[in-house]
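Have a go at each task before you read its solution.

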Amino acid sequence: MGFAGPDQAAMQAGNPGRTFGRAAPVRSDSGQSASRRAAFIAPESSAPDPAPALIALPAPRPGLRDHDHPFARRWDGWCRRVETWLSERPLCVDLRTDVGTRAWFGGLALLGAQVALALALRPGFTPVEVGYSFLPASRALGEWHAQAIRPLAQGGVTGRHFASGDLVARLDSVPERPTIDLTAVLGENDDLGRMLQRVGLAAPDAAMVTTMIGHVAPPGTIAPGTRFAMTLGPRAATGEARPLQSLSFRPRYDLDVTVERRGDGLALAQHPIPVDATPLHLVGSVGASLYRAARGAGASPETVQAYLQAIDQYMPFEEIAPTDRFELVVAHKRALDGSTSGEGQDGDLLYAGVVRDGKPLLQVMRWGNDGNFYTPDALAGRAEQGSGLLSAPVSGNITSWFGLRRHPILGYVRLHAGIDFAAPMGSPVYAVSDGVVTYAGWHGGHGNYVRLEHGGGIDTGYGHMSRIAVAPGSHVSRGQVIGYVGSTGLSTGPHLHYELYRGGQPVNPMSVRFVPHHAAPNAGELAAFRARLHQLLTLPSGSGASGPGSGRLAVGGGVPTRS
């Protein structure tokens, strides 16, 4: 056997030949002949060597490096440089020799890199799932058979639906339940008739029920979220809607309405619910947060908001100390039929007060048809209602004051006829005092704008609101929500533009305080006011929530306790 390889003379001369990038280079100027590359070397033998037999092999095809194209010459030069670089740097180093040399450390680093690569690419090993080594019980075995694929192959639909057999018969139709009990909830902007038809009630029954309920609770008086418990009867024929068997709901807290089928028609019955209307009296320490303390005492968020607005009319919050005690009385209803499990229903705030060192610091009570809060002195006409400047119409920080300024959008200096309050988008905007809405709508650069007339030549304006909550001509009271903070009109971000006009001319809102004057009441009205105030203050703490299952918090001595 023999092989064709690099020139032996070239190997002895230290030139291993060009082997990178091609198999067997043949060049006319290399000094190597094809006959020398094709030499056949016979194995050694003790017998006299016969004359060497030469076998003519076909000349190899020229490779890319054998062409005279400029690209081929550049490729040949690059391959020669790589061959030279690789010849000087062996890829395999014997770590048993030349310990401590640069080459030894290089081989050690190469070995570590190869080991790290092997560890990084090692395959993962997961447990092999095997069959169960126990025999399941007969019931479990039946479950497995029911959920196997074999019933599907024999005609079953899926899962536990078996194919027909000696013990299983196929049904052409599944019988329906004779009656269906369900609960429906009236959604926002929903209609009672549409809701009844959505749950599957027949159209004649839905129209009749809507008409009957309309006499007890007119349309629009049923609050969204009211729950209707219904029972639907059997269908008269396949595909038809179900008739109504019974329906019950509570349009008011003190009334339960039931509609039942009697013979061929429907009958409505009203069931008044006894209600305990004793007001709820809550007392507690202010602590670090008045809002959190009132909420912890059991007051609802709406009640706490009303309490804060009532207090803010007569004294700033900065004057309330953590050691003071808050006191509030709120109208409260609690059903006595035992059918409800809620906490009851809170109504309007009746009284708000602050106590310091055992003495009342402020006492305000709702009085009169206007629903405003008065102190005994304010009602008697001996004091002005309110102290200091009027509170802000929105909870936020003042970012721009009244006066000349460069407009952030128009770019020139002009009068800023109001005060800007930065507040989060959607924050409620309150009326600063009682008044009448003279304008509510889009107002040029003000965007959504509301203007109130308060009497005595005083008007206020509220601009850039995202939504308006009042209509022109309506009466608003102090602290009533008239809109929500937005960024409409010429605005760079969510804020409220608050204006105040005196005699039709804009003035600085911070320079005017509202002093509503009320006619001095007669002696009988003042006596009734003080009697009502005494009645509310003598209510035991948590009396409105007394009784089993009320779940409301009553606060006594500043320590919350559950009554």
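Predicted model: local features only at pLDDT ≥ 70, side-chain atom pairs only at ≥ 80, totals over all residues.

**Exercise 1. A covered helix**

Task: Find what covers the buried residues of α8, then work out how those residues are arranged on the helix.

Solution, step by step:

1. Next, look at the helix as a whole. Helix α8 spans residues 203-216, which makes 14 residues. From first C-alpha to last, α8 reaches 21 Å, close to the expected 20 Å.
2. Now list the buried residues of α8: D205, A206, V209, M212, I213 and V216.
3. Look down the axis of α8. The buried residues fall within an arc of 135°, so they line one face of the helix.

**Exercise 2. A patch on the surface**

Task: Which residues form a nonpolar patch on the surface with F105, and how much accessible area do they have together?

Solution, step by step:

1. Locate F105 first: it sits in helix α4, residues 102-120.
2. Then check its accessibility. F105 counts as partly exposed because its relative accessibility is 47%, and that class lies between the buried limit of 20% and the exposed limit of 50%.
3. F105 forms the patch with L108, L111, V115 and L119, and together they have about 440 Å² of accessible area.

**Exercise 3. The surroundings of A331**

Task: Is A331 buried, partly exposed or exposed, and which residues does A331 touch?

Solution, step by step:

1. Find A331 in strand β8, which covers residues 325-335.
2. Classify A331: with a relative accessible area of 24%, this residue is partly exposed.
3. List its contacts, leaving out residues up to four places away in sequence. A331 touches P279, Q345, D346, G347, D348 and L350.
4. Compare sequence and space. A277 is 54 residues from A331 along the chain, yet their C-alpha atoms are separated by 7.2 Å.

**Exercise 4. The whole chain**

Task: How many helices and strands are there in the protein chain, and what share of its residues is buried?

Solution, step by step:

1. Count the elements: the chain has twelve helices and 25 strands.
2. Take the burial figure: of 563 residues, 32% are buried.

Definitions and conventions:
Residues numbered from 1 in each chain as written. Heavy atoms only, no water. Patch = residues over 30% accessible without salt bridge, like charges linked within 9 Å, V, L, I, M, F, W, Y side chains within 5 Å. Areas by Shrake-Rupley, 256 points an atom, 1.4 Å probe, with all protein chains shown as cover. Salt bridge = Lys/Arg side-chain N within 4 Å of Asp/Glu carboxyl O. Helix = DSSP H or I, 4+ residues; strand = E, 2+ residues; numbered from the N terminus. Buried < 20%, exposed > 50% of the residue type's maximum accessible area, 1.4 Å probe, protein only. Expected span 1.5 Å × (residues − 1). Arc of directions from axis to C-beta. Contact = heavy atoms within 4.5 Å.
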